[in-house]
Amino acid sequence: DERLPRYAPIGGLVAEMNAFSEREVGQPDYERRVTAYQRVDDSLAVRLGPSQWTLLLFNCLHFVGDEDMSIRACAVQVLRRFVRICRSSLGDSQDHTDHTGHTGHTDHTDHTDHTDHTDH
């Protein structure tokens, strides 16, 4: 859609993930939906930006609770792919800063006060 160009690369894909049958009014078109989910492979996933992933993730989170197991499984697979890509983009280092400004590195230093505070 020209009004929301940042969603253009996946707008059609998300529409297919929500496709309804052209023959049966109000019935989901499971074949088209599954095919759309399968299009979210690694080559597409790594090219998506935050806005595009947000739209895709909201859609997947909605369908995680779907009564149809195939759609639910497809949604979960896309969510797993997202987590895997995020993890790999962070690299293997554990010294990343989180949103609070703290590093992800675990400090194993014992900060316990071992001073004897008993009165003698």
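Residues are classed by relative accessible area as buried under 20%, exposed over 50% and partly exposed in between (1.4 Å probe, protein chains only). The model is predicted, so local features need pLDDT of at least 70 and side-chain atom pairs count only at pLDDT 80 or more, while totals for chains, interfaces and linings use all residues. Residues are numbered from 1 along each chain as its sequence is written, and side-chain values use heavy atoms, with hydrogens and water left out.

A search of the whole structure gives five salt bridges, defined as a side-chain nitrogen of Lys or Arg within 4 Å of a carboxyl oxygen of Asp or Glu. A network of these links Glu16, Glu22, Asp29 and Arg32. The closest N and O atoms are 2.9 Å apart for Glu16 and Arg32, 3.8 Å for Arg32 and Glu22, and 3.7 Å for Asp29 and Arg32. Glu22 is exposed at 73% relative accessibility, whereas Asp29 is buried at 18%. Arg32, at 27%, is partly exposed.

One aromatic pair is counted, where rings of Phe, Tyr and Trp (its six-membered ring) pair if their centres lie within 6.5 Å, with planes under 30 degrees apart stacked, over 60 edge-to-face and the rest tilted. Trp53 and Phe82 form this tilted pair, at 4.8 Å centre to centre and 55° between the planes. Trp53 is buried at 6% relative accessibility; Phe82 is partly exposed at 23%.

The charged end of Arg33 sits over the ring of Phe20, 4.9 Å from its centre; the criterion is NZ of Lys or CZ of Arg within 6 Å of the ring centre and within 35 degrees of the ring normal.
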